[in-house]
Amino acid sequence: MSLRIGCIADDFTGGTDVAAAFRRAGLRTALVFGAPDGTTALPADCDAAVIALKSRSTPADEAVADSLTAQRWLWTKGAAQVYFKYCSTFDSTPQGNIGPVTDALLDAAGAGVTLHCPASPPNGRTVYQGHLFVQDQLLSDSPLRHHPLNPMTDSALVRLLAAQTRHRVGLIDWATVRRGVEAVRAAVVRHQQAGVRHIVADALTDDDLAVLGAATLELPVVAGAAGLAEGLGHAYPATGPAAAEPKPPEGRAAVLAGSCSARTLEQIAQFYAAGLPSLHLDVLAAATGRDVTGEALAWYAQQDPDLPVLVYASASPEELAAVQAQLGVAEAAAQVEELLGTLASHLVERGVRRLLVAGGETSGAVTTALGVRAVLVGEEADPGVPWTYASTANGDLALMLKSGNFGAPDLFTRALSEAK
Ligand SMILES: Nc1ncnc2c1ncn2[C@@H]1O[C@H](COP(=O)(O)OP(=O)(O)OP(=O)(O)O)[C@@H](O)[C@H]1O
Ligand SMILES: O=C(O)[C@@H](O)C(=O)CO
């Protein structure tokens, strides 16, 4: 069976989020980590495949090359439409690659226009008059202004995109979206005739996103966050009952956290407050050559095997700034990713079978270290945070890749006790 829709996500947790959205819309969905090649196998009978790249913070030419490879691979699997998934908080500086990647996908598809909407209402992201809100705050007033890699200090999506493309950028406002599918289609045509290539659309609710999805079903390239992907997924006609879910394997449970988002810090605090074993990694010590991994594994060996453990590098904005000032942003990130990737491999070797990873970059480091290339997407523990099922050299693994900002404050404790 061939794919109905393909998706390119610019990071791993974003890939998980959008894959969960397609699954909610009734599509059997695979998630592939990293650029696929001739040896990449999909689970049987998938309607949708999401290729999760690590291109969010890479230079535009690299992100373009990887995205075009993914688009060509998705076409070979039959996907007529390709969705470009970026962050619902539009993580991207003026040198960012959202504009260049979308332009390249459009050029390759011979398409003249695309629609962008990063709204994700279940997670409090809405777009109004082209401005992105996080809950009740403009993006630029939200904690995202302190993001370690992509600090967001503007909320105007038309302006953010216009800085990244030489093509014209336009807006379909909420009043038009509320008038329904035909009104949006007509607005897309009007924009295209006026020479606009990137159209930002407002959306406040899932209903708005369903309208946008139905209106853009025929566009070869559509872009945004998980909400619009779900809108598109619902617009595809149903194919039949969902296949049975795999069962979480028996074994130890662990959380590895590298995300420094406000929500991840709350989840860490909740885990600690529940009296569960937690270990903070000393990134500066690791940078000076101390065997922080060995110390963490010795600590793990002493914990009660019936309890989930948490190992985290995550730091408050102040601590993070101090580490980055000493090591540089890139070196600090590389240290953390090396530490958490290596730990993931050792923990799975030592019997961890349910692994929750917090942070997009961190998830990329962990799946790469584990050699996991494709998973089947299962049930969500929280919106945008599903369990996925993978095989590793050490056996089956239930893997949950959590976007930094996602999940309720009790996600770590709840997901790991429920899946037991
Ligand atoms: N103690 C620390 N010192 C310096 N850098 C850190 C520290 N802890 C984490 N980091 C870095 O912060 C970054 C966090 O990014 P990551 O993508 O993992 O989380 P996030 O941005 O919150 O999640 P998402 O991308 O899903 O929104 C990583 O590059 C990580 O290496
Ligand atoms: O859209 C979001 O906010 C998330 O899926 C994400 O991209 C996490 O990195």
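A crossing of two helices is right-handed if the near helix is turned clockwise from the far one by less than a right angle. In this predicted model, H13 passes H14 in a crossing of that right-handed kind, and the crossing of H6 and H7 is right-handed as well. The briefing below covers these two helix pairs and then the surroundings of two ligands.

**Helices H13 and H14**

- Helix H13 spans residues 329-349 and helix H14 spans residues 360-370; their axes come within 8 Å and cross at roughly 45°.
- Angles under 35 degrees count as roughly parallel and those from 65 to 115 as roughly perpendicular, and H13 and H14 are therefore oblique to each other.
- On the H13 side, the contact is made by Glu337, Leu340, Gly341, Ala344, Ser345 and Val348.
- These residues meet Glu361, Thr362, Ala365, Val366, Ala369 and Leu370 in H14.
- Sorted by class, the contact of H13 with H14 has seven nonpolar, three polar and two charged residues.

**Helices H6 and H7**

- The axes of helix H6, residues 181-193, and helix H7, residues 206-215, cross at roughly 55° and come within 8 Å.
- H6 and H7 are therefore oblique to each other.
- Val181, Val184 and Arg185 of H6 make the contact with Val211, Leu212, Ala214 and Ala215 of H7.
- This contact of H6 with H7 has six nonpolar residues, one charged residue and no polar residues.

- Two backbones approach oxygen atoms of ligand 1: a polar backbone atom of Gly360 is 3.0 Å from an oxygen atom of the ligand, and a backbone N or O atom of Gly404 lies 2.9 Å from an oxygen atom of the ligand.
- Ser403 contributes its side chain, with a polar atom 3.4 Å from an oxygen atom of ligand 1.

- The residues around ligand 2 include Thr13, Gly14, Lys85, Tyr86, Cys87, Ser88 and Phe406.
- Ser403 is also one of the residues around ligand 2, and its side chain has a polar atom 3.4 Å from an oxygen atom of ligand 1.
- A polar side-chain atom of Asp11 is 2.9 Å from an oxygen atom of ligand 2.
- For Asp17, an N or O atom in the side chain is 2.6 Å from an oxygen atom of ligand 2.
- For Arg56, the distance from a side-chain N or O atom to an oxygen atom of ligand 2 is 2.7 Å.

Definitions and conventions:
Residues are numbered from 1 along each chain as its sequence is written. Chains are lettered from A and ligands numbered from 1 in the order in which they are written. This is a predicted model: local features need pLDDT of at least 70, side-chain atom pairs count only at pLDDT 80 or more; totals for chains, interfaces and linings use all residues. Side-chain values use heavy atoms; hydrogens and water are left out. Axes are lines fitted to C-alpha atoms, for helices over the stretch in contact, and angles run from 0 to 180 degrees between N-to-C directions. Helices (H or I, at least four residues) and strands (E, at least two) are DSSP runs, numbered from the N terminus. Angles under 35 degrees count as roughly parallel, over 145 as roughly antiparallel, 65 to 115 as roughly perpendicular and the rest as oblique. Contact means heavy atoms within 4.5 Å. Ala, Val, Leu, Ile, Met, Phe, Trp, Tyr, Cys and Pro count as nonpolar, Asp, Glu, Lys and Arg as charged, and the others, Gly among them, as polar. A residue is near a molecule or strand if one of its heavy atoms lies within 4 Å of it. A polar contact is a pair of N or O atoms within 3.5 Å; within protein, one must be able to donate a hydrogen and the other to accept it, and residues adjacent in sequence count only if both atoms are side-chain atoms.
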